[in-house]
Amino acid sequence: MEKYDIVVCGAGVGGVFMAYELTKVQNNARVLVIDAGGPIEKRVCPISTGKTKQCINCNPCSIMNGYGGAGGLSDGKYNLTTQFGGDLHQYLGEEKAMALMYYVDEVLCGMGGGGAKLYSTANSELKTKCLQHDLHLLDAQVRHLGTDTNVKILGNIYEYVKDRIDIHFYERVADITQEGDGTFRVHTDKETYGAENVVLATGRSGSEWMSEICGKFGIPTKKNRVDIGVRVELPAEVFKHITDQVYESKIVYQTEKYNDLVRTFCMNPYGEVVSENTNGIVTVNGHSYSNPELRTGNTNFALLVSNHFTEPFEDSNEYGQAIASLSNMLGGGVLMQRFGDLVKGRRSSARRMEKCFTKPTLHATAGDLSLVIPKRQLDDIIEMIYALDTIAPGTANEDTLLYGVEVKFYNSKVEVDSNLMTRVPGLYAIGDGSGVTHSLSQASASGIYVARELAEKY
Ligand SMILES: Cc1cc2nc3c(=O)[nH]c(=O)nc-3n(C[C@H](O)[C@H](O)[C@H](O)COP(=O)(O)OP(=O)(O)OC[C@H]3O[C@@H](n4cnc5c(N)ncnc54)[C@H](O)[C@@H]3O)c2cc1C
């Protein structure tokens, strides 16, 4: 049995940045990173190659699994903020969390992202305009890498760490056990490894497995919220004055009808809408390229409403899954509807879509989202679209496309201390899998943080 000082389960950005820092900082730790998916160059979604138009449930899913994790083929928008994207600052303090995110940004720039622009929403004209229309723009700086540059950077980091760190692909961690002396055994579908420290970095796709491990080790977890909504797609010109200025805008609106908060999320100028498969449930997402030749004529972003349940039902994720399953049942995957059809209470048929001026970038089934999304959330979304129309006229056009459903599942919050260690000494939880972070910047920062902690030990 091979023995390691540190075994990292998951090579998403949490695991990748851990490996980076453990390579950079002086230490003698033997380190293994294991991922259920493949190397970055082998990660190809059959939808993107045109082999299929609908998600065919690949195992492992190339969008969610493999080197770079769910962020690997993403848009690569690194938001430098603690206003959203996770609660890392609640564990490490605001200053440390921000410093780690700036460090991540420095690494990204040094590894090939230096040419990507850093946008800022602070003191922008947009902020004033939003306030004049009862919309609230959150402060953030964002480095938009684009999917192509993001992949290049991940490749460069791999080259940097590969001689120092063992990285195993297409290997799934099945179980973790602890010996009498406190060391661990990491059992995969191929081998068993000995480890002094284990870092759980299994992200969203590993959420169920993470719950099992926490249950087994008696590590308390707290249910998180689930965000439900749609992905909006419209001609890029409609949002150009905003996206040119700040690229990504997180705008929050409180609806008049229910006082619910609705927010924009993951804005992709000139991007494309994609489907995403989490544990067999197909939902929708989006990304865009930095290479002008790969750009589309559309901008897409999500509109999300947060749902948090307490009693007697408390599993927010199950609620999100049930709604997404309904859309999968009706649409065979993702459903798509024109905004005009939605407000008129009619289905968007294939015939209506043919006349639609906004051309969809994802092949989805034309249908009726009101049969899937509960009335409250749907009313919230419609109200938000009219609110956004005041700062970006054209948002509420008949041909604005809505894809459903977009669900943001948040992992249960794993109880960790200020070192991101669980109550089991030597067992750490980082990134989105811990429920502490929900973004590339914060997940990466958590990896750097624990790497530095562990490097000191060795
Ligand atoms: C399409 C898309 C676009 C996105 N765009 C952005 C964006 O622009 N900006 C942003 O901030 N965030 C974005 N996100 C979210 C972002 O990707 C995540 O916040 C981030 O990837 C979390 O990193 P992580 O390392 O914690 O987990 P993940 O990236 O989820 O990585 C976890 C890894 O663990 C592996 N794994 C899981 N279970 C096991 C197991 N049992 N054994 C071995 N390996 C396992 C998986 O294969 C995976 O590679 C996007 C997500 C998607 C899906």
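**Ligand shell and selected surface residues**

The ligand is surrounded by 37 residues, of which Asp35, Asn65, Ala70, Lys77 and Asp432 are the closest, where a residue is near a molecule if one of its heavy atoms lies within 4 Å of it. This is a predicted model, in which local features need pLDDT of at least 70 and side-chain atom pairs count only at pLDDT 80 or more, whereas totals for chains, interfaces and linings use all residues. Residues are numbered from 1 along each chain as its sequence is written, and side-chain values use heavy atoms, with hydrogens and water left out.

Ligand contacts and cover

- A polar side-chain atom of aspartate 35 lies 2.7 Å from an oxygen atom of the ligand, which falls under the term polar contact (a pair of N or O atoms within 3.5 Å; within protein, one must be able to donate a hydrogen and the other to accept it, and residues adjacent in sequence count only if both atoms are side-chain atoms).
- The backbone also takes part, with a polar backbone atom of valine 13 at 3.1 Å from an oxygen atom of the ligand, and a backbone N or O atom of alanine 36 at 3.1 Å from a nitrogen atom of the ligand.
- Of the 1,000 Å² of accessible area that the ligand has on its own, the protein covers 96%, with areas taken from the Shrake-Rupley method with a 1.4 Å probe.
- Two or more residues of the shell come from each of the elements α1 (13-24) and α12 (440-457), helices being DSSP runs of H or I with at least four residues and strands runs of E with at least two, numbered from the N terminus.
- The shell divides into eleven nonpolar, 18 polar and eight charged residues, with Ala, Val, Leu, Ile, Met, Phe, Trp, Tyr, Cys and Pro counted as nonpolar, Asp, Glu, Lys and Arg as charged, and the others, Gly among them, as polar.

Individual residues

- Leucine 371, in the loop between β19 (365-366) and α11 (375-391), counts as exposed because its relative accessibility is 56% (buried means under 20% relative accessible area, exposed over 50%, partly exposed in between, with a 1.4 Å probe and protein chains only).
- Threonine 81 sits in the loop between β3 (77-80) and α2 (88-92) and is buried at 4% relative accessibility, while a polar atom of its side chain lies 3.2 Å from the backbone oxygen of aspartate 139.
- Valine 343, in helix α9 (residues 339-344), is partly exposed with a relative accessible area of 38%; valine 343 and aspartate 379 are 36 residues apart in sequence and 9.8 Å apart in space, C-alpha to C-alpha.
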